[in-house]
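Please open the structure in a viewer and keep the selection tool at hand.

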Amino acid sequence: MTPRQEQTVRLPLTGDSPLEAPAAWETLRSGCPVATAELPSGDTAAYLTRYADVKNVLADPRFARPAATDPGAARVAPDGAGGPAADADGSVAIPDRGEGHQRWRRRVGKYFTAKRMTALRPGMTAMAESLVDAMVERGGPADLKASLGFPLPVFVICEILGVPAEHRERFSHWSDAFLNVTRFTAEQTRTAQAEFTRYMEAHVAAVRADPGDDLLGMLVRDGGAEDDGGPSDEELAATGMGLLVAGHETTANMIGKMTALLLADRSRWERLVADPALVRTAVDEALRFDANSGFGIRRYLTEDIEIDGRPLPSGTTVVCAMPAANRDERMFPDAASMDLTRSPNPHLAFGAGPHACLGQALARTELQVALEVLLRRLPTLRLAVPAGELHRLEGLLVGGLREVPVVWEESAA
């Protein structure tokens with residue numbers, strides 16, 4: 001097979017189990033690095049699997065996530081389902097390209113500093129301890145995702161945005177409607193979007209009246225009135241909605257996937273129990289090794305380009321398969337093995353370039369805290385079922401497991 005032979009794949013590609021990489025990734029990287037992908041909507045896109053190609057496209061400031069107004073942009077979701085997270089509905093999207101996007105990133109990025117993440121860490125740890133206490137009290141087997149993976153990021157993002165954590169069930173429903181491309185009808189998605197928008201508009205009004213120390217309060221205080229160049233109510237609401245969805249769903253699922261990956265080969269877990277100093281590199285290796293991260297990141301080409309000898313005309317949608325790129329032997333020696341000491345680890349789990357995830361320091365901190373607490377409190381933790389019997393969360397843009405059943409030795413808890 002020559003590098004220019006074209007193949008068509010149907011997304012999402014899946015392995016034999018939710019923790020395993022699809023065999024097709026290696027085949028594509030070696031023989032067809034620019035394939036054609038069919039999305040659940042039936043639209044097609046170019047599909048990139050090599051690290052260098054994925055990073056170059058993600059880092060190119062000319063290309064951004066497709067917007068609903070981009071001519072011929074490939075949609076992820078069928079019949080408009082999936083909400084703005086799937087198909088970039090501009091009614092709630094923050095500016096996603098050009099100077100508007102960079103201005104938004106500068107404003108919001110001021111919050112996600114190393115100093116602030118350090119300040120948030122004790123509260124995260126206390127909450128994680130409390131959640132593990134409650135799980136232990138209920139006894140095993142337990143669903144780690146429901147017991148720790150979901151509530152911890154909700155607690156954190158609610159604190160950051162100044163919204164009540166007791167509303168977490170509503171947030172869960174809204175984010176699921178925004179990120180799942182198969183579970184909800186277009187009408188259900190529109191209803192969820194309208195409910196979420198009304199909620200956040202009311203919250204923004206309250207923040208305008210009395211800005212606190214949370215992110216939205218900072219944006220109001222530092223930016224001033226909209227007439228003076230400050231963020232509009234619409235931009236504040238969109239920021240809150242975007243961070244609530246991205247800040248809880250992705251990390252909640254990653255806590256479960258990370259723990260499952262470490263327990264699937266229990267020698268990994270035992271090594272971390274013996275040497276907790278490896279937590280930081282282990283978290284990044286789990287991010288690199290995660291094969292169940294959804295559909296990939298889309299970019300819309302506004303100019304003609306060529307990748308690996310294949311011309312891609314302006315108007316093409318490109319799907320950047322970060323998990324496939326993260327298994328590329330050209331960048332990562334022994335890429336198919338999970339190396340808990342891997343450093344440096346320039347994985348692309350958070351994207352790259354001008355659209356890289358703003359909250360990656362927050363996500364890393366939450367993952368580290370969750371792992372530290374589990375290792376300390378439940379060193380005997382293990383999966384309650386074989387790793388091959390875990391179930392993928394179908395249709396979710398960011399990938400995930402339906403549940404992560406675990407058990408432990410009660411005397412050691």
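Which residues in H11 meet which residues in H15? The model is a predicted one. Select helix H11 (233-264) and helix H15 (360-377). On the H11 side, Gly247, Thr251, Met254, Ile255, Met258, Thr259 and Leu262 make the contact, and their counterparts in H15 are Ala363, Glu366, Leu367, Ala370, Leu371 and Leu374. The axes of H11 and H15 are 10 Å apart and the packing angle is about 40°, which makes H11 oblique to H15. The crossing of these two helices is right-handed.

Next, select helix H12 (residues 266-274) and display Arg268, Trp269 and Leu272, its buried residues. Because they cover an arc of only 95° around the axis, they lie on the same side of H12. Among the elements that cover them are H11, H15 and helix H13 (279-289).

Now turn to the sheet. Five strands form an open sheet with mixed pairing, in the order S1-S2-S3-S8-S5. Strand S1 (8-10) and strand S5 (297-300) stand at the edges; each has a single partner strand, so one side of each lacks a neighbour in the sheet. From one strand to the next, the twist averages 35°.

Thr8 can be found opposite Thr36 in S2.

Finally, select helix H2 (residues 51-59), which lies across strand S3 (44-48), S5 and strand S8 (317-320). Viewed against S8, H2 runs at about 125°.

How values were computed. Residues are numbered from 1 along each chain as its sequence is written. This is a predicted model: local features need pLDDT of at least 70, side-chain atom pairs count only at pLDDT 80 or more; totals for chains, interfaces and linings use all residues. Side-chain values use heavy atoms; hydrogens and water are left out. Buried means under 20% relative accessible area, exposed over 50%, partly exposed in between (1.4 Å probe, protein chains only). Helices (H or I, at least four residues) and strands (E, at least two) are DSSP runs, numbered from the N terminus. The arc is that of the directions from the helix axis to the C-beta atoms. Contact means heavy atoms within 4.5 Å. Two strands pair if DSSP finds at least two bridges between them. Axes are lines fitted to C-alpha atoms, for helices over the stretch in contact, and angles run from 0 to 180 degrees between N-to-C directions. Angles under 35 degrees count as roughly parallel, over 145 as roughly antiparallel, 65 to 115 as roughly perpendicular and the rest as oblique. A crossing is left-handed if the near helix is turned anticlockwise from the far one by less than a right angle, and right-handed if clockwise.
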